[in-house]
Amino acid sequence: MYFKFEKDFVGENVRCIPMIVRFKLDACGIKLKLAEWSRMTPAEREHFATESCQTPEEATRYGEDLRQLIYERTGNSVAEISIEPNPAWSRTDEIPYSIREMLAGSPWSLSLQQWQQFTDLQRFALVKLSYPGHENKNFPKAMAEFPGGNEE
């Protein structure tokens, strides 16, 4: 469920928001702050990491449950974000620009065929890890972890 490159922060307390949860947050249109995440119990964090969010109905229920919990914990509503109809990670006809930029200055290579063979979650993670302004230290770890991510 969690990636190996996340092992530093997904121990028993899951203190940072893991990629699987971030993926689901994007699917239901929620911007969750780390301070809100930290108000959850470890069991609640695990629940939101494992709860299914694949169908529109599941995404709706996931979002409603999360909104309710955050309101109960903080007294505030979560920040809403728009749900992208065709996010960069979902397109398999080309490798997103942000990833190509990260690869250009690294020892890593990635073919279009390899990109197409990654799971949605793997592509999502690489896109998130390649955003400008992101710390990017886990990008090489993700490339090493995912099948087909090759050092040149």
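Reader: A nonpolar core is a set of buried Ala, Val, Leu, Ile, Met, Phe, Trp, Tyr and Cys residues joined through side-chain atoms within 4.5 Å. Which residues touch the most other members of the largest one?

Author: Leu 32, Ile 99 and Leu 126 do, in a core of 40 residues. Buried means under 20% relative accessible area, exposed over 50%, and partly exposed in between (1.4 Å probe, protein chains only). This is a predicted model, where local features need pLDDT of at least 70, side-chain atom pairs count only at pLDDT 80 or more, and totals for chains, interfaces and linings use all residues. Residues are numbered from 1 along each chain as its sequence is written, and side-chain values use heavy atoms, without hydrogens and water.

Reader: Which helices supply at least two residues of that core?

Author: H1 (19-28), H3 (42-50), H4 (56-74), H5 (97-104), H7 (120-130) and H8 (139-145). The biggest share comes from H7, with six residues. Helices (H or I, at least four residues) and strands (E, at least two) are DSSP runs numbered from the N terminus.

Reader: What is Leu 32 in contact with?

Author: Ignoring neighbours within four places in sequence, Leu 32 is in contact (heavy atoms within 4.5 Å) with Ile 17, Leu 25, Trp 37, Met 40, Ile 70 and Val 78.

Reader: Back to H7. How many of its residues are buried?

Author: Ten of eleven, so H7 is largely enclosed by the rest of the structure. Among the buried ones are Arg 123, Phe 124 and Lys 128. Their cover includes H1, H5, H6 (112-117) and H8.

Reader: What does Arg 123 pair with?

Author: Arg 123 meets Asp 120 in a salt bridge, 2.4 Å from N to O. The rule is a side-chain nitrogen of Lys or Arg within 4 Å of a carboxyl oxygen of Asp or Glu. The two are three residues apart in H7, about one helical turn. Arg 123 is buried at 4% relative accessibility, while Asp 120 is partly exposed at 37%.

Reader: How many salt bridges by this rule?

Author: Four. One of them joins Arg 73 and Glu 44, with the closest N and O atoms 2.3 Å apart. Arg 73 is in H4 and Glu 44 in H3, 29 residues apart.

Reader: Is Glu 44 buried or exposed?

Author: Buried, with a relative accessible area of 19%. Arg 73 is partly exposed at 25%.

Reader: What does Arg 67 meet?

Author: Glu 80, in a salt bridge of 2.8 Å, N to O. Arg 67 lies in H4 and Glu 80 in strand S2 (residues 79-80), so the pair ties together parts 13 residues apart in sequence. Arg 67 is partly exposed at 27%, and Glu 80 is partly exposed at 48%.
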